[in-house]
Amino acid sequence: TIGFINEQGGPPTLNFPQATHVIEAGVKMLNAEFGGIHGHPVKLNECFIAQAEEEGVRCAQQMANSKATKVILYGAVVVGNQSIYATLKGSKPIVGGVTANPADPTAKNAFFLNGSQTSVLGPMATYAKKAYPNVKTVAIVYPNQPGADSAAFALRDGMQKAGLKTTLIATPQNATDLLGPATQASSADMIVPALGFTDCVPFARALDQIHYSKPVLSTPLCTFIPAQAYAAGDLPQWVYGIAQTNVHYGPDKQAKLFLKEGLKYGTTVADMTNVFAEIAWEELLVTAKVMNSIPYNKLTPATIGTALKKFPGPVPLAAPDIACGKVSKGEPAACGNETQFYQYTGKGIWKPVSGWLKPPTG
């Protein structure tokens, strides 16, 4: 039994049933095509958090009380994290994608395969330096709220390591008009929107209003919003850094296989193109591979945790190599620090503009 915790059933910003649909299809594939784990069929122990921190206690207790549950996977878990860790106290390993909560990076016996906010944002500077040699100044625009500020600081640190003069511009919470921050940022050679779900659309609209034409290098959150939500009915034509395979990029072999297998086992393209669903599939495959590397009679939370810590990659649908606990100082749960970049050219067309990049050194 593999545990699965996901945020669903609550408000739209915390409702991601796509991850559940996709991991359920992944388990069907694992059992049908790979014989489960050591020839034993896999089943999920599912628990959902709607919107309250204390719901994390309930889910952690459900996992702790199930002797058959040896390891826990995350879908989208951004609320309840601290309660989960406080309840489990590291007794069972947790596998995630990218850290989404301040409690994640230092959590005991947790493994975020794609990395942390800090580790996966560093490559933004590496790309900026390589792709835009004439850029000397950067404006990072971010929401003025906990979690978003730490991401902005990580971006600034990376840009400064790359020798770029960097300004931070905080947007007011829940603002619907971001013309002011956009105008302020426009004096820089390049803008980095490190925005949340509520800020992407008004910020893109503001850049259109001022006819901004210099480079925009965005974090991936703005791609999670349906294209039709934007003023032009399409995503902004920016460059985006993404710490996993871009399943919207058709020629990618892993993306093709992921979509083919998901459809075969009962989920939909709409579900599979959700970022948290892609992460859940990735986590399932890594966890199954790790568990199959341990003799069946020695499968325990402790042996699985030890094997996860040593797992070097490659990670399906993500980075070719990882090193849990070694990629970001003070963040033992971070495993990856690589990001790749895509230019969006409109009408659903994506163009890869880099391979996997690591943060700048120095």
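This is a predicted model: local features need pLDDT of at least 70, side-chain atom pairs count only at pLDDT 80 or more; totals for chains, interfaces and linings use all residues.

1. Residues are numbered from 1 along each chain as its sequence is written, and side-chain values use heavy atoms, with hydrogens and water left out.

2. The chain holds twelve helices and twelve strands, which are DSSP runs numbered from the N terminus (helices H or I, at least four residues; strands E, at least two).

3. The radius of gyration of the chain, 20 Å, agrees with the value near 21 Å that a compact globule of 362 residues would have, where the radius is taken over C-alpha atoms and the globule rule is 2.2 Å times the number of residues to the power 0.38. The C-alpha trace spans about 60 × 40 × 35 Å along its principal axes.

4. Of the 362 residues, 55% count as buried, that is, under 20% relative accessible area with a 1.4 Å probe and protein chains only.

5. The second largest pocket (an open set of points on a 1 Å grid with protein on both sides within 12 Å along at least five of seven lines) is lined by 30 residues, of which T223, F224, I225, P226 and T273 lie nearest its centre. Lining residues have an atom within 4 Å of a point. Helix α11 (residues 275–292) gives the largest share of this lining, three residues.

Key:
On a 1 Å grid over the protein atoms alone, a cavity is a set of points where a 1.4 Å probe fits but cannot get out, and a pocket is an open set with protein on both sides within 12 Å along at least five of seven lines; lining residues have an atom within 4 Å of a point. Buried means under 20% relative accessible area, exposed over 50%, partly exposed in between (1.4 Å probe, protein chains only).
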